[in-house]
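Let us walk through this structure together, one part after another. Keep the 3D view open beside you as you read.

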Amino acid sequence: MAKRRGIEVSIAIAEAARQADVDVVSAYPITPQTHIVEHLAQLVADGVLDANYITVESEHTAMSACVGASAAGARVFTSTSSQGLALMNEIVYLASSLRTPVVMALANRSLSGPISIWNDHSDVMNERDTGWISIFANNGQEAYDLTLMAFRIGEDRRVMLPVMINFDGFILTHVIEPIYIFDDEEIAGFIPPFEPIYRLDPDNPVTMGPVGVPDVYTEAKKQQEVAIRESRPVIDEVFEEFAQRYGRRYRAVETYRTEDAEVVLLAQGSVIEAAEVAVDHLREQGKKVGAVELRLWRPFPFKDLKEALCGNTIKQVVVLDRCISFGGQAGPVMSEVRSALYHEPKRPMVVGVVAGLGGRDIPLSDYVKMFEIGEECLRTGKEPGEEPELVKIVGLRE
Amino acid sequence: MKLKEKPTWRELPFACCIPEPGNSVYYKTGDWKTLRPVVDKEKCIKCGTCWIFCPEYAFEEDEYGYYNPNYDYCKGCGICATECPAQCIKMEEEVVE
Amino acid sequence: MVEIRFHGRGGQGAVTSAELLAQAAIEEGRYAQAFPAFGAERRGAPVLAFTRISDEAIKLRTGVYEPDVVLILDTSLVQSVPVMGGLKEGGLVVLNSKKGPGVWKRELGREDVSVASVDATGIALKELGVPITNVIMLGALLKATPLVVTETLEGFIAQRFPRIAEKEIRAFRKAYEEARVE
């Protein structure tokens, strides 16, 4: 039986990696991810976890070690944040193109400068097109559950792709809250042994990562694109099996009180629960509002999103981005959501707001403001302000 | 097995891997050269320096212990001729008939 | 939902206090969050930590702006940090001080609030030999408001400080007995 424990979310994630029985951990400490890898290093040092903890001098090398270990057939876990992920970037691309199913716990943090150790989603958005499966957790329980599921999803022979689990730095990593932690026996059968398609083996040599001349590079990229799209049914399968076994159901897109809603707020990560509190608050005032969570970021859940937002009562979507696309449309989530709905005959209007950059707290009153922006769009038929293209930041000192 | 030169994305091996070791033998680079190494066996001391230095592994040892370039793969770089301590390798013009 | 703000200095263990309290509430089947003010920790610098306790799942992850309880590990902070900021009408202040609650009520200028005070540093020096008051202050807190059962909390104190568990629990109980609440 799973035990309900008051545990720091970072420690719960490290426990998930232990219960997945990882063979290799390689990471470089960076705030706010540090507690995760510290705990894993301790488990390895204490002999509780039979794994190689490869200490390295940078995140670039950490990811290199992860890719190499995965290519050799090891189950691999790493964790990073912000600048660390940015430094890994080159090898992040290699992990997906070499189809090495590394699991990464990404404690989301802003990118410098100015130097900021605090939370937003700039780091993950910078890696949007790297070909990793990318999933958001909005609380500690989800971060723990999804880390376990990440191994199942990534290592499935129909997938063979790296997976990053996103959870907000500090807001989740540094919080103690109640989390159901499985007994080891209870979760043991959920993650079968890793059986790679090819592995680096001196007795049976193969070449991984050769030159892709112009005659094959395009085909290699197409193969990768098909692979991440075809991971979707596997993701649903794993979500379903998890629900059957353990009773907690995960969906690519989640909705909250959207049945008769006219204005909805769409977001990712820990803000979604606060948005739900704001929805409850506004519902008490008779406002028809709801919240939508885009949990699965890659592969992008086009169909689920359309089902959630189109052909129903929803007339206005406010997308909350935790990242600015400088000189572009608000943030990456907004521009993707808006374009995903473009061909729908009956679609809501989409407006983007940016908030919670670099650890700026988003109080309830700011969520109310976001809904007000949505209502104004709905009333006037256009986005507020002189220049509609201008990024609308909520919680900014003007 | 020789890989198809222009595979479709479905035919391309998983993750662009090369699953069969040593398949570079199918890729003959011998026609790259303008100069070819010619070994003067009168001077050769069978030391194997050419065999060690050749970046294409194009030298093969024969039954008498001499090292002979395999012109199917030799690109004509001339490293063997430069390194040979006995100076028994000359780079001569490639004659294409 | 009850929101508690802990004021201390880096190294005094304010974060540990917040965590122990949350763990005890969770153990008792309720919902709780404990988290530090997010930033770089430096020994001696003013630090903040927070605990939320509720009978329902806590969805709020914003900062604590209007706490029900303020717990002050080090009264030197009263001069330099707005310790009373946002404290709810009729809220509770728990202080580490030799001075009585009545004196503090006047000094803090808030007659509406309850005040609990205990000479936690004195107890710490006597029982632990070091001026670490975080666990001790929880004794005063629980006397003023029974947020969790003392035995539950003592279980987590023992878990957190296995080598000095007995001393910590003795000091914690002493604070519970000696705290004055008005």
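**Starting from one proline**

Leaving aside its neighbours within four places in sequence, Pro388(A) touches Lys382(A) and Glu383(A); two residues are in contact if their C-beta atoms, placed from the backbone, lie within 7 Å. You will find Pro388(A) in the segment after α12 (364-380) of chain A. Helices (H or I, at least four residues) and strands (E, at least two) are DSSP runs, numbered from the N terminus. Is Pro388(A) buried or exposed? It counts as exposed because it has 11 C-beta neighbours inside 10 Å. The rule is this: a residue is buried if 20 or more other C-beta atoms lie within 10 Å of its own, exposed if 12 or fewer, and partly exposed in between, with C-beta atoms placed from the backbone. Between the C-alpha atoms of Pro388(A) and Ala261(A), 127 residues apart along the chain, there are 24 Å.

A word on what you are viewing: this is a predicted model, in which local features need pLDDT of at least 70, side-chain atom pairs count only at pLDDT 80 or more, and totals for chains, interfaces and linings use all residues. Residues are numbered from 1 along each chain as its sequence is written, while chains are lettered from A and ligands numbered from 1 in the order in which they are written.

Now step back to chain A as a whole. It is divided into domain 1 (3-246) and domain 2 (253-380), with bounds that come from an automatic or database domain assignment. The centres of these two domains, taken over C-alpha atoms, are separated by 28 Å. Their contact takes 27 residues from domain 1 of chain A and 18 residues from domain 2 of chain A. On the domain 1 side, the largest share, five residues, comes from α8(A).

Next, look inside. A nonpolar core is a set of buried Ala, Val, Leu, Ile, Met, Phe, Trp, Tyr and Cys residues joined through C-beta atoms within 7 Å. The largest one has 188 residues, of which Ile165(A), Leu265(A), Val318(A) and Val94(C) touch the most other members. Helix α1 (residues 14-27) of chain C gives this core its largest share, nine residues. Domain 1 and domain 2 of chain A both give residues to this core, so it lies between them. Apart from it lies another core, of eleven residues, including Ala58(B) and Cys80(B).

How do the chains meet? Of the two pairs of chains in contact, A and C share the most contacts. Here 18 residues of chain C are in contact with 20 residues of chain A, and β2(C) supplies the largest share of the chain C side, six residues. Chain B and chain C do not touch, and their nearest C-alpha atoms are 42 Å apart.

Finally, turn to helix packing in chain C. Axes are lines fitted to C-alpha atoms, for helices over the stretch in contact, and angles run from 0 to 180 degrees between N-to-C directions. Helix α4 (residues 120-127) of chain C packs against helix α5 (residues 134-144) of chain C at an angle of about 130°, with their axes 9 Å apart. That angle makes α4(C) oblique to α5(C), since angles under 35 degrees count as roughly parallel, over 145 as roughly antiparallel, 65 to 115 as roughly perpendicular and the rest as oblique. The contact is made by Ala120(C), Ile123(C) and Ala124(C) of α4(C) and Ile136(C), Met137(C) and Ala140(C) of α5(C).
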